[in-house]
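Work through the exercises below with the sequence and the model at hand. Try each task before reading its solution.

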Amino acid sequence: MPEIQELTNSDDEYQDAVSSDNDATAQKSSSVDANSNASIVDEIIKQQNDLHLYEECDDSTQASTSGAADGGDENVPEYAHDDIDEEAMKEKEKSMTHEELEANKEKAQQMKLKANELFKNNEAEQAIDIYTEALGICPTTYTKDRAVLYGNRAAAKIKIENKKPAIEDCTKAIELWPEYVRALLRRAKLYEHEDKLDEALADYKRVYELDPGQNEAREAMLRLPPIVEERNERLKAEMMDKLKDIGNMILKPFGLSTSNFQMQKDPNTGSYSINFNQNAS
């Protein structure tokens, strides 16, 4: 599996994406500005030696990550307060004025910017806390704002090797904003790292549908299918061996074995038929 580069970049892009009040025409325009802003952020973080999802480290780097490379999610903080009760938020928002909601949106925006700076300064854990606080006040009607907050929090979790919760945050972001390419690509890479190749390939395909110029997605669509096919064939062979062992155990009292039964595959339908051979050795 190739090294996954620049997976942990936090996104600033939603500042432009949500200025359109969610209409379709403005979404298209805002995505251009978003890509420009995201490129700037990527360059800044790249210069700051951003952490990769997994990499070969020297001893000093491994020590600085508190054993995350060896222990994975087990050795990193579990953010029990991550869950946001959006239904309760919606109920509360019903009694709030437009001005109050806008004030909360602006406050969440400022908190997001503060968390982004913490992220860029390798203070991912503090960034996670502030992204979470922002999610607790950002109005639920501003779905793209909330999507990018989840996406940014996922990036921060990746940076401290908290990958499974990062997948959950990416999924929440995509639920809120199905065309959120950066979150889809981030989740695809996470899925691939977790050896969930079918899920990874589905996300890469979706990324390519939304952005045909996305080179990583195009490369993955060529690279992963043969790996998935080889894995499936290996799993099928392992399953057949186990079934044969069980079959032999059951048939042994009758003086038979699975060698007495031959499976033949129909090339047209792909289905199998079983033939009995009394004299099989």
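A residue is buried under 20% relative accessible area, exposed over 50%, and partly exposed in between (1.4 Å probe, protein chains only). The model is predicted: local features need pLDDT of at least 70, side-chain atom pairs count only at pLDDT 80 or more, and totals for chains, interfaces and linings use all residues. Residues are numbered from 1 along each chain as its sequence is written, and side-chain values use heavy atoms, with hydrogens and water left out.

**Exercise 1.** Classify Cys 170 and Cys 138 as buried or exposed, then search for disulfides (pairs of cysteine sulfur atoms within 2.5 Å).

Solution. Step 1: Cys 170 has 0% relative accessibility, so it is buried. Step 2: Cys 138 is buried too, because its relative accessible area is 1%. Step 3: the search of the whole structure gives zero disulfides.

**Exercise 2.** Find which members of the largest nonpolar core touch the most other members. Such a core is a set of buried Ala, Val, Leu, Ile, Met, Phe, Trp, Tyr and Cys residues joined through side-chain atoms within 4.5 Å.

Solution. Step 1: the core has 47 residues, and Tyr 131, Tyr 180, Tyr 204 and Leu 224 touch the most other members. Step 2: the helices that each supply at least two residues include H6 (98–120) and H12 (215–251). Helices (H or I, at least four residues) and strands (E, at least two) are DSSP runs, numbered from the N terminus. Step 3: H8 gives the largest share, eight residues.

**Exercise 3.** Describe how E1 and E2 pair (at least two DSSP bridges between them).

Solution. Step 1: E1 (residues 261–265) and E2 (residues 272–276) are antiparallel, with five bridges. Step 2: Gln 262 has Asn 275 in E2 as its bridge partner.

Terms used:
Disulfide = S-S within 2.5 Å. Pairing = 2+ DSSP bridges.
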